[in-house]
Amino acid sequence: MSVVTVDYEINIEAEGDELILQNISNILRTYKGENALNREIGINPSIVDSSISKAKAMIIDDIIEQISLNENRVEVVSVEFEGDPLSGILYPKVEVKIIE
C-alpha cells in the first residue's frame with residue numbers, strides 16, 4: 001500500500017508504480033475545469049465554501065470518484081486529512097493499493 005498527498009514530487013521520467021502515484025497526486029491538486037485537456041478531472045472547487053465536516057465528506061466522495069474514473073490501476077483504501085481544520089486548511093492524504 002502507498003500513501004499519496006498533494007505534495008508528491010513530480011518526476012517527468014516516472015514509470016510503473018511511481019507514475020501511478022504521481023497521477024493520483026495530480027488528481028488531488030487539480031480543480032475541475034483547470035486542466036485544458038480534460039475539464040472533468042479534479043476536485044470540485046465549490047467544496048471550498050462548505051463547512052469543514054461537510055467539506056471532508058464531499059472531498060472524500062470526490063477523491064474516490066475521480067481516482068476510480070481516472071486511475072483504474074489502484075483501489076482507494078482510505079482518505080485522511082492533514083492540516084489545520086480550525087483555520088479551514090485541509091490536505092488530503094490518500095492510501096491506495098496498486099492493483100497488479
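The following legends describe close-up views of a predicted model.

**View 1. The largest pocket and its lining.**
The largest pocket has a volume of about 420 Å³. Its lining is made up of 19 residues, and those nearest the centre of the pocket are Tyr31, Val48, Ile59, Leu90 and Pro92. Two elements, α2 (52-70) and β3 (89-98), each give two or more residues to this lining. The largest share, four residues, is supplied by β3. Sorted by class, the lining holds 14 nonpolar, four polar and one charged residues.

Helix α2 contains 19 residues. From its first C-alpha to its last, α2 reaches 26 Å, close to the 27 Å expected at 1.5 Å a residue. Its buried residues are Ala55, Ile59, Asp62, Ile63, Gln66 and Ile67. Because these residues cover an arc of only 125° around the axis, they lie on the same side of α2. The face turned away from the buried side carries the exposed residues Ser53, Lys54, Asp61 and Leu69. The packing partners of the buried residues of α2 are α1 (16-28), β2 (74-84) and β3. One of these buried residues, Ile59, is also listed among the residues nearest the centre of the largest pocket.

**View 2. Helix α1 and what covers its buried residues.**
Helix α1 has 13 residues, and the distance from its first C-alpha to its last is 19 Å. This span is close to the 18 Å expected at 1.5 Å a residue. The buried residues of α1 are Ile20, Leu21, Gln22, Ile24, Ser25, Ile27 and Leu28. The elements that cover them include β1 (2-5), α2, β2 and β3.

Setting aside residues up to four places away in sequence, Gln22 touches Tyr8, Glu9, Ile10, Asn11 and Ala14.

**View 3. Val77 in strand β2.**
Val77 belongs to strand β2. With a relative accessible area of 39%, Val77 is partly exposed, because this class lies between the limits of 20% and 50%. Apart from its neighbours within four places in sequence, Val77 is in contact with Met1, Glu95, Val96 and Lys97. Val77 and Ile64 are 13 residues apart along the chain, and their C-alpha atoms are separated by 9.5 Å.

**View 4. Ile89 in strand β3.**
Ile89 is part of strand β3. Its relative accessibility is 37%, so Ile89 counts as partly exposed. Which residues does Ile89 touch, not counting those up to four places away in sequence? They are Glu82, Gly83 and Asp84. A separation of 26 Å lies between the C-alpha atoms of Ile89 and Ala36, which are 53 residues apart along the chain.

Definitions and conventions:
Residues are numbered from 1 along each chain as its sequence is written. This is a predicted model: local features need pLDDT of at least 70, side-chain atom pairs count only at pLDDT 80 or more; totals for chains, interfaces and linings use all residues. Side-chain values use heavy atoms; hydrogens and water are left out. On a 1 Å grid over the protein atoms alone, a cavity is a set of points where a 1.4 Å probe fits but cannot get out, and a pocket is an open set with protein on both sides within 12 Å along at least five of seven lines; lining residues have an atom within 4 Å of a point. Grid points are joined across faces, edges and corners, and a volume is the space filled by probe spheres set on the points. Ala, Val, Leu, Ile, Met, Phe, Trp, Tyr, Cys and Pro count as nonpolar, Asp, Glu, Lys and Arg as charged, and the others, Gly among them, as polar. The expected span of a helix is 1.5 Å times one less than its number of residues. Buried means under 20% relative accessible area, exposed over 50%, partly exposed in between (1.4 Å probe, protein chains only). The arc is that of the directions from the helix axis to the C-beta atoms. Contact means heavy atoms within 4.5 Å.
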